[in-house]
Amino acid sequence: MCSDEVRPEPREKTMTQRTTDAREEPATYDVAATEQKWQPVWEKLDPFRADDSSPREKRYALTMFPYPSGDLHMGHAEVTALHDVIARYWWQKGYEVLNPMGWDSFGLPAENAAIRNDAHPADYTYGNIATQLESFQKYAVSFDWSRRFNTSDPSYYRWTQWLFLKLREQGLAYRKNSPVNWCPHDQTVLANEQVVDGACERCGAEVTKRELTQWYFRTTAYAQELLDCLDDLQPTWPAKVINAQRNWIGRSEGAHVDFVVEGRPEPLTVYTTRPDTLFGATFMVVAADAALAGELVTDEHRGALDDYLVEVRKETEINRLSTDRPKTGVFLGVHAVNPLTGARIPVYAADYVLADYGTGAIMAVPAQDQRDWDFATAFDLPIVRTVQPPADWEGLDTMAFTGDGPAINSANDEIDLSGMGVVEAKSTTIAYLEAKSLGRGTVNFRLRDWLLSRQRYWGAPIPIIHCPVDGEVPVPEDQLPVELPELRGADLKPKGTSPLGAATDWLNVACPTCGGPATRDTDTMDTFVDSSWYFFRYVSPHDDSQAFDPEKARAWGPIDLYVGGDEHAVLHLLYARFFTKALRDIGLVDWDEPFTSYLSQGKVINNGRKMSKSLGNGINLGDQLAEFGVDAVRLTLVFASPPEDNIDWADVSPGGSLRFLQRAWRLSGDVTSEPGADPATGDTGLRKLTHKTVHEAEVLIEKHRFNVMVARTMELVNATRKAIDSGSGGADPAVREAAETVAILLSLVAPYTAEEMWERLGHRPTVARVGWPVVDPALLVEESVTAVVQVQGKVRARLEVAPDITEGDLEALAMDDPTVVAAIDGREVRKVVVRAPKLVNIVV
RNA sequence: GCCCCGGUAGACCAACGGCAGAGUCGAUGCUCUCAAACAGCAUUCAGUGUGGGUUCGAAUCCCACCCGGGGCACCA
């Protein structure tokens, strides 16, 4: 660290007890000793074990399970601290809470680390899991550890494989040959969701395309439902996640239009969102890398297409996505006929049209589409305006007009769109095309099927056997799991084909159908498959007869609250939603959606920047915990801001958090009444605040305003301190009630401090399960409130009035007030707005 | 370019359309101390990004713009 001099003093000074004066209570408690003291006690009490047969109402709280790369970091600390507020609150409120944790332990980092260190991915993985488990336990999150599992355990991935086969039976998993995203660094294919701005989501390498036969999940089968259900999730999911998913699914409405191609029996069908502009279609473009291009091209032009394809395949995704790149393409030597104008229009192949969207072909309308305009300009093709731009529009000779306006040049003997706006012209055209069987209105989605095979080692093998006679044969269920071959000492370096192919003993098997020689599928599944169903497994994690127990799934689920980062806004959350719907249709569950509500937490950053090795601004969680203790770090993370905001570690003060915790703890030493003392005999003012605080804390926790809940707890601590020092004193039972309430409130955020307080208050552990304080409604009622009297919106007087004062009484009182009378100054009162009991506004 | 979210004291953040300030950090001063740390007490500082509108009344609702964050994007 570079700033040693300005850092807080070492631990002994800030954290140990002060024992200078034997008569005085110690001013602070020893954080490290407290942590060591309570961990074994809690382990023995096991207070967070979820009981399937409990009669209490059930709640399922889930936080994203970690990938085991090294020890826990600030991000884990934040998400679990926030999540634990809710989970512990639910326990206190009397629910039976399922709050499980495990590890998402398949994946590339383990494999890459193994390659670097000449070790085995399993060693790296299980070593890190042990480290993280220990850290989690010290961090005192209310997880039910009896339910933990790892996705890389054969007892888990057996069921990942089984579910794959179930989806395949339903036609939801299939293999096809297609141009796919290829990461040249990791030497594997990637799903669409894993390509970010043309680069590999994991390693950042520029993605290229390859033509490969791969396994897919048919996510598009649920495109509409995935979109529709977002409406139901809207109130309980963050807007940004809903928005991201909507954009990703990308529904659009338009039409399929059939074009007759000269010398070809079947039509060339295009998808367009602007059927109203069909009169302006002056040429057509098919995706250069689509099979269609090869089918359409004449022999004369085939050479040119092949040359062009070589160029196209060389382009990286990043270049291809650049919109200011000049348009390129080749003429295919064929013509089609515009069904409305009868014009003969040329057909081109170009790389600005995508093979896997719509039909892989478009009608080009240069006057109303900028991309088509650019192509038409480059290839000197005709441009016909069919929407009239406004008179003062300056793009008339230079660009496409995509706005609304009256249709022009849009009439033939049978249909006349002239003067219609875009919306009307669209529906009129679609109706005409449908009547003439030339096309039909249709809906299209941007969402693609999920490419799930990976050419890497550390994942669940795809349970398929390829037989020269029987083709794709599923591995029989009783032979699951298909275990990963050990391949210890083998070369796992990415070679573009799966390392599993090298395990010949494993590879070669008898075909389950015909018994002849066959080979296993050598690809492994994307690790997002593992995490798409893990929340089901937690309901019956040790069941070796089924993936999960449907009865228990019904009893616990769906998940009441899911907490995680928004880097998974589309990836994991969309896949998990897809899996849930697929499993529902298979009949395994009755949930439509897995996550009833979702809390997306911000990131922990430092000095305005993301923490990173290269910037050297990383904050090490272990160091923070050693310096300030678990509770202070947790409190800091919860208190810093609303959960969804980023936390800049440079803006917060774990030292301040520790000081607050010590202040709170000190209350427990100053309480001199006995446990069970009747608070009703105590100071009413403090009691009112205590009950109000509990009441507000409930509302705030349910609204996920944890930072404000902590602020309210701080207020209660301050008021209790004041009561002890200069109020009713430490013997007042109301002070005990307040201190005990503080301990319970803190049990959600600072479990060690809360437990220590609870013990000093004369109770036995654990404070985490004593139950939420019962609010006495009588104590929430104020005897008097301050009413504000405004004249012309300016505050002129304050009146102490009864909370149930009538509007008439309040108005009379206000009009009698001398300062108000002075402010009115004899002017005519035009209007009096009364909002009893809080406000009167007099307008003159 | 299209779509979401946000902008309040020096910093982090609060405020059912009704007194802009709950809490924390920082700074400053004081008390305690031989001195310091710890602790305690007190003080400090914004009129809510900008401009309009609705309203008796706007940080809050509406419109436009600016700035920041995020999603989508050669998706026809």
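Predicted model: local features only at pLDDT ≥ 70, side-chain atom pairs only at ≥ 80, totals over all residues.

Trainee: How are α7 and α18 oriented to each other?
Mentor: Helix α7 covers residues 223–233 and helix α18 residues 571–586, where helices (H or I, at least four residues) and strands (E, at least two) are DSSP runs numbered from the N terminus. Their axes come within 11 Å and cross at roughly 105°, each axis being a line fitted to C-alpha atoms over the stretch in contact, with angles from 0 to 180 degrees between N-to-C directions. Angles under 35 degrees count as roughly parallel, over 145 as roughly antiparallel, 65 to 115 as roughly perpendicular and the rest as oblique. The two helices α7 and α18 are therefore roughly perpendicular.

Trainee: How many charged residues are in the contact of α7 with α18?
Mentor: Ala, Val, Leu, Ile, Met, Phe, Trp, Tyr, Cys and Pro count as nonpolar, Asp, Glu, Lys and Arg as charged, and the others, Gly among them, as polar. The contact of α7 with α18 has 6 nonpolar residues and no polar ones, and the number of charged residues is 4.

Trainee: What is the distance between the axes of α20 and α23?
Mentor: Helix α20 (residues 630–639) packs against helix α23 (residues 706–726) at an angle of about 115°. The contact involves Leu635, Val638 and Phe639 of α20 with Phe706, Asn707, Val710, Ala711 and Met714 of α23, which divide into 7 nonpolar, 1 polar and no charged. The axes of α20 and α23 are separated by 7 Å.

Trainee: At what angle do α2 and α25 pack?
Mentor: Helix α25 spans residues 751–760, and its axis is 10 Å from that of α2. Thr34, Glu35, Lys37, Trp38, Gln39 and Trp42 of α2 make the contact with Pro751, Tyr752, Glu755, Glu756 and Glu759 of α25, a set of 4 nonpolar, 2 polar and 5 charged residues. The packing angle of α2 and α25 is about 85°.

Trainee: Which residue forms a salt bridge with Glu35?
Mentor: The whole structure holds 45 salt bridges, each being a side-chain nitrogen of Lys or Arg within 4 Å of a carboxyl oxygen of Asp or Glu. In the pair that includes Glu35, the closest N and O atoms are 3.9 Å apart. The pair links distant parts of the chain, 103 residues apart, with Glu35 in helix α2 (residues 31–45) and its partner in helix α5 (residues 121–139). The residue paired with Glu35 is Lys138.

Trainee: What is the volume of the largest cavity?
Mentor: A cavity is a set of points on a 1 Å grid over the protein atoms alone where a 1.4 Å probe fits but cannot get out, and lining residues have an atom within 4 Å of a point. Points are joined across faces, edges and corners, and the volume is the space filled by probe spheres set on them; by this rule there is 1 cavity of 30 Å³ or more. Of its 19 lining residues, Leu108, Arg202, Arg454, Asp526 and Thr527 are the closest to the centre, and the lining divides into 7 nonpolar, 6 polar and 6 charged. The volume of the largest cavity is about 220 Å³.

Trainee: Which residues does Pro481 touch, not counting those up to four places away in sequence?
Mentor: Pro481 lies in the loop between β18 (471–474) and α14 (504–507). A cis peptide bond joins Leu480 to Pro481, with omega about 0°. The residues that Pro481 touches are Pro154, Tyr157, Arg158 and Gln161.

Note on methods:
Residues numbered from 1 in each chain as written. Chains lettered and ligands numbered in written order. Heavy atoms only, no water. 1 Å grid on protein atoms, 1.4 Å probe; cavity = no way out; pocket = protein on both sides within 12 Å on 5 of 7 lines; lining within 4 Å. Contact = heavy atoms within 4.5 Å.
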